[in-house]
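Dear colleague,

Please find below the structure that I am handing over to you. A short account of what was found in it comes after the sequence and coordinates.

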Amino acid sequence: MKVVLWLAAVAVAFAAADTYVVVLALPDMMAGVGLSIEELQRAAPLISGFLLGYVAVLPLIGRLADLLGHLPVLVGGLVVFAFGSFLTALSWDLAAMVVGRFFQGLGGGALVPATLALVAALYPAERRGVPLGLVSAVQELGSVLGPLIGAAVLAVADWRAIFGLNLVVGVVLAVAIRQTGRSGAVRDRPRRPDLIALLLLLVAGVAFVLLAIEPTALVQDLTWGALYVPAAGSTRWLTPLGLVTIVATLGFLVKCGLRPGVRRVLARITAEVDLLGALLLSFALAGVILAFATADPEVAVFSEQGTWYLVAGGLALLGFVFHLRRAQDPIVPRGAFARTPAWGSVLISFFVGAALVAALIDVPLFARTTIYGDSQLKAALVLLEFLVALPVGAIAGGFLTRRLPAGVIAGGGMLLAAVAFVLMARWDADALRSLAATVVLVAGGLGFGLALAPVNAAILATTAQSMHGLTTSFTVVARMVGMLVGISALTTIGLRSYYAAQADLPSLSSVCTGGGMCEDYQDLLIGAAIAQEHTVFAGAAVCAGIAAVLSVVLLRGAPTRALSPSETVTAL
């Protein structure tokens, strides 16, 4: 089973890398569905759709991992991730691509809590620090590999090849995990393949591929060209090929659902999982995600439309709280987060995410503003100094968790990150040219990395084994929501600093006597942009400082470390 764990860790790293690959490939993806770079706002669903799949249903997936076992959820998550990659690779319009990205997020998000819970199942509390640190390290390593993989693929092929690679890797890992997980178990009698289901899947796949690539020979043929003529409107889904794809897919799902094993699983889920509570919680999380993911930071923390998303999410949350008081077996069992380190880990994860996103977004922005101009690649390479240190810190935090209290390690790490942000808030236009800036970035990455394993170890050590999938899903949700809220709030505050600094600038005519945009006035504008980044870094320092204080206070007493020989004698 430990081999399964490391295969799962590789899957987590690959899914994490996909997030950063998409950021690099986004302009090409937009062009692929007929959007220009000026229509960036219309492409926002590509990001929010992924986040919806990743976050909104994560508690339900965590509960399913506890109920059905970690192995089925890991395999299922990879299959869904591969399916989403297949849809995205062959998307011909924005709607199809958003659906594909949603399934990618859904599958990728399922991997994290299942993997963390698998660590808890394989290791006792005092020995989890190192494997948790390694899992956290490979997850963060994905943020380093993502841009490199994306750049390598885009250098030799178009953006669709990225998702083709995702499809292949997802299927290979799913098969490897399933076979490895079954190797030590007693095998059931071989089952006859469902030929009808396989035929329906083949028909749906072929029809979808033909629909997506539109071979010229078929489209222009007088007979076969009718397959591409919509019955109504202009959408490809209403063409004969589109309708065949839909009908065959539904038939495949129904045929699979009629299998005895699938019926038993569905009956168990219906009987033992609080589906109404999961639905209400998903709506509440979706409201928060959409409110901040659709925001325009230049105007407000969330848009006018986002206000309605928040209202809807708030109503769903009220319904969820009311449901928890009345449900006999709610999706979040009563007392699941009763111990302070358990709910404290969730709260700390929120502030860690809010601070971390400032480094991920604003360090490259600062680099482009000051020394690298329009070179996005060189600016991204500056961030690598931070990202490479992060997995190193995660492994170190895992080792330290065996000997030191979780609160001390996480608090020390976040304090180091806070100090790094304070120093970033003092950077001038030439700061990134010095070795001191590299030291600051490495220290910040190490600080964040140090906090990852202790926080995860604390929640695993203070919640029941039967709820580890559910409880760890909340730390992932909290971190992602923290990143969304953090980038929206900090960017809005930073832009206000920029506008204030810009308003204090002298008039262009008083600085540039020769007319036009002179170098002196350009330097003044750069100074205003630096003031914006200083504000963001200062806000991130506050978030990291709060996380440090909460770690020391709330993780105190979490039984995460191994007893020393003297402590063992005392305990006896």
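The notes below take up surface patches, one backbone angle and the cysteines.

Please bear in mind that this is a predicted model.

The nonpolar one covers about 520 Å² and is made by Leu238, Leu243, Ile246, Val247, Leu250 and Leu253. Of these residues, Leu243 is placed in helix H10, which spans residues 240–257. Leu243 has a relative accessible area of 38% and is therefore partly exposed.

The other patch is positive, and its members are Lys2, Arg127, Arg402 and Arg403. Arg402 sits in the loop that runs between helix H15 (376–401) and helix H16 (406–424). With a relative accessible area of 31%, Arg402 is likewise partly exposed.

As to the backbone, Glu214 deserves a separate entry: its phi is near 45 degrees, a positive value in a residue other than glycine. Glu214 belongs to the loop between helix H8 (195–213) and helix H9 (216–219). Its relative accessible area is 32%, so Glu214 counts as partly exposed.

Turning to the cysteines, the structure holds zero disulfides; no pair of cysteine sulfur atoms therefore lies within 2.5 Å. Are Cys256 and Cys543 buried or partly exposed? Cys256 is partly exposed, at a relative accessible area of 21%, whereas Cys543 is buried, at 14% relative accessibility. The two fall into separate classes because buried means under 20% relative accessible area.

With kind regards

Definitions and conventions: Residues are numbered from 1 along each chain as its sequence is written. This is a predicted model: local features need pLDDT of at least 70, side-chain atom pairs count only at pLDDT 80 or more; totals for chains, interfaces and linings use all residues. Side-chain values use heavy atoms; hydrogens and water are left out. Buried means under 20% relative accessible area, exposed over 50%, partly exposed in between (1.4 Å probe, protein chains only). Patches are made of residues with over 30% relative accessible area and no salt bridge: like charges are joined within 9 Å, nonpolar side chains (Val, Leu, Ile, Met, Phe, Trp, Tyr) within 5 Å. Accessible areas come from the Shrake-Rupley method with a 1.4 Å probe; for residues, only the protein chains shown count as cover. A salt bridge is a side-chain nitrogen of Lys or Arg within 4 Å of a carboxyl oxygen of Asp or Glu. Lys and Arg count as positive and Asp and Glu as negative; His and the chain ends are not counted. The place of a charge is taken as NZ of Lys, CZ of Arg, CG of Asp or CD of Glu. Helices (H or I, at least four residues) and strands (E, at least two) are DSSP runs, numbered from the N terminus.
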